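Please keep the sequence and the structure in view while reading.

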Amino acid sequence: MTKLTINDLDPRGKRVFIRVDFNVPLKDGVVTDDTRIRETLPTLRLAIEKGGRLVLASHLGRPKGGPDPKYSLRPAAKKLEELLGKPIAFALDCVGPGAEGQSKALRDGEVLVLENVRFHPDEEKNDEAFSKQLAALCDGVFVCDAFGSAHRAHASVVGITRFVHQAAAGLLMEKELAYLGKALTNPARPFVAILGGAKVSDKIEVVENLMKIADAMLIGGGMAYTFLKADGQPIGKSLVENDKLDLARRLREEAQKEKFALLLPVDHVVGAEFKADTATQTVSVSATPDGWMGLDIGPKSIEAYRQKIASAKTIVWNGPMGVFEMPAFTKGTVEIAKAVAAATSAGATSIVGGGDSVAAVHRSGLANKISHISTGGGASLEFLAGRKLPGVEALTNK
Ligand code: AMP
């Protein structure tokens with residue numbers, strides 16, 4: 001079902017409620033990484049160009065049940081002012097007579113940023129009355145550009161859509177759905193999925209869903225050890241989820257039966273302890289010494305994964321291959337980032353999601369060599385798991 005997008009709207013002279021994702025990191029009241037604000041600029045510029053009167057809402061952090069200056073969106077509004085190069089109004093509360101008055105005072109092309117929607121517990125409850133109050137700040141037009149929140153049925157994402165005439169996707173939302181949607185429904189093949197990170201339990205549904213769609217899956221990071229243990233390998237003190245061993249075993253059997261290329265590390269860098277300056281060894285997974293823990297994939301695994309990646313035409317990557325925050329265990333993740341970048345240069349479409357893999361790509365200076373860096377870690381995982389995102393479902397059908 002195709003959804004209405006901002007391109008279908010004619011917001012001239014109307015107040016448009018735009019849900020953005022300004023959940024940015026702050027330090028001493030200053031935005032330390034403005035990527036999320038920049039990502040939504042095309043949507044905001046388009047809405048301004050079309051003569052809309054913009055009312056922007058977002059959450060920031062996890063305030064506990066009420067206003068907390070630590071999570072104010074004011075620094076984000078200030079940053080936006082810099083980026084757009086025009087003055088921006090700020091409402092001290094995201095609902096109520098103050099915000100309503102300020103929204104009504106807007107002229108075409110002007111922007112009002114509302115205070116953190118999570119200062120009201122009703123936001124996360126998707127409360128009907130609160131949703132209605134939010135909708136009262138616009139003239140029946142809602143745009144959602146907060147892909148990173150689309151997996152949450154909250155008032156400013158879902159509830160509000162019941163009280164507007166048009167609920168459309170912003171350009172960022174549209175781009176995210178286009179890349180991820182194509183990977184799931186009509187990928188150029190071979191399609192190689194790369195999954196890493198700490199836990200199998202976080203990604204099990206993604207593994208199950210992508211096994212049905214992809215041509216190969218490369219597993220690294222802490223989540224590999226539950227699979228390796230299920231295979232009967234010694235894993236020492238590596239991260240493991242014992243309650244997921246049966247599931248891992250079943251997935252391995254299924255992959256074998258379907259001749260699906262489910263690749264696990266064949267060697268790894270093990271540490272004596274979980275700390276940056278610990279003693280390390282590089283060993284085959286069958287030779288993991290007792291009491292040591294696997295903290296990065298090894299050179300033979302990197303090579304095997306690189307070959308698969310080099311042959312891919314679609315690549316989806318979520319999660320680091322090791323504890324890449326510690327220099328001794330960064331290599332696997334960086335080499336995979338390089339391989340994904342090289343395959344992209346050779347014509348593959350690559351999608352990287354999840355805070356850590358995105359950070360690794362940025363840190364390796366390869367971000368501009370990736371086709372699409374997803375802004376929503378949780379939302380992209382749910383999408384890849386085959387789940388419908390409530391924030392997308394709620395948008396108006398074309
Ligand atoms: P996730 O949020 O699930 O993508 O996991 C990311 C975290 O997994 C990072 O902080 C990594 O340090 C951690 N991680 C990756 N590989 C391992 C490993 N082999 N053992 C323990 N933690 C790991």
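A disulfide is a pair of cysteine sulfur atoms within 2.5 Å. The model shown here is a predicted one, and with that cut-off in mind the structure holds zero disulfides. Cys-138 illustrates the reason, because its sulfur is 13 Å from the closest cysteine sulfur, in Cys-144, which is too far for a bond. Cys-138 counts as buried because its relative accessibility is 6%, and Cys-144 counts as buried with a relative accessibility of 0%.

## The ligand and its surroundings

How many residues surround the ligand? The shell holds 16 residues, and the closest are Ala-198, Gly-222, Gly-294, Glu-325 and Asp-356. By residue class, the shell around the ligand divides into seven nonpolar, five polar and four charged residues.

| Residue | Atom of the residue | Atom of the ligand | Distance |
|---|---|---|---|
| Lys-203 | polar side-chain atom | oxygen | 3.1 Å |
| Gly-222 | polar backbone atom | nitrogen | 3.1 Å |
| Glu-325 | side-chain N or O atom | oxygen | 2.4 Å |

On its own the ligand has 500 Å² of accessible area, and the protein covers 80% of that area. Two elements give two or more residues to the shell around the ligand, namely helix 8 (200–213) and strand 14 (293–297).

## Strands and their pairing

Strands of a sheet pair through backbone hydrogen bonds, either parallel or antiparallel. In this model, six strands form an open sheet in the order 11-10-9-15-16-17, and their pairing is parallel. At the edges of this sheet lie strand 11 (261–263) and strand 17 (372–373), each of which pairs on one side only. Within the sheet, strand 9 (residues 191–195) and strand 10 (residues 216–219) pair in the parallel sense over four bridges, and Ile-194 has Leu-218 as its bridge partner in strand 10.

On the side of strand 6, the bridge partner of Val-55 is Leu-112.

Is Arg-19 buried or exposed? Arg-19, which is found in strand 1 (residues 15–19), is buried, with a relative accessible area of 1%. In strand 4, Ala-57 is the bridge partner of Arg-19, while the side chain of Arg-19 makes a polar contact with the side chain of His-59, at 3.2 Å.

Arg-189 and Pro-190 are joined by a cis peptide bond, with omega at about 5°, and Pro-190 lies in the loop between helix 7 (171–185) and strand 9.

Asn-126 is a residue other than glycine with a positive phi, near 55°, and its place is in the loop between helix 5 (122–125) and helix 6 (128–135). Lys-259, also not a glycine, has a positive phi near 55°, and is found in the loop between helix 10 (245–257) and strand 11. As for accessibility, Asn-126 is buried, with a relative accessible area of 18%, whereas Lys-259 is exposed, with a relative accessible area of 75%.

Which residue lies 3.9 Å from Ser-284, C-alpha to C-alpha? That residue is Asp-267, which is 17 residues away from Ser-284 in sequence. Ser-284 itself belongs to strand 13 (residues 280–284), and with a relative accessible area of 31% Ser-284 is partly exposed.

Terms used
Residues numbered from 1 in each chain as written. Predicted model: local features only at pLDDT ≥ 70, side-chain atom pairs only at ≥ 80, totals over all residues. Heavy atoms only, no water. Buried < 20%, exposed > 50% of the residue type's maximum accessible area, 1.4 Å probe, protein only. Near = heavy atom within 4 Å. Polar contact = N/O pair within 3.5 Å; in protein donor to acceptor, adjacent residues only side chain to side chain. Areas by Shrake-Rupley, 256 points an atom, 1.4 Å probe, with all protein chains shown as cover. Nonpolar A, V, L, I, M, F, W, Y, C, P; charged D, E, K, R; others polar. Pairing = 2+ DSSP bridges.
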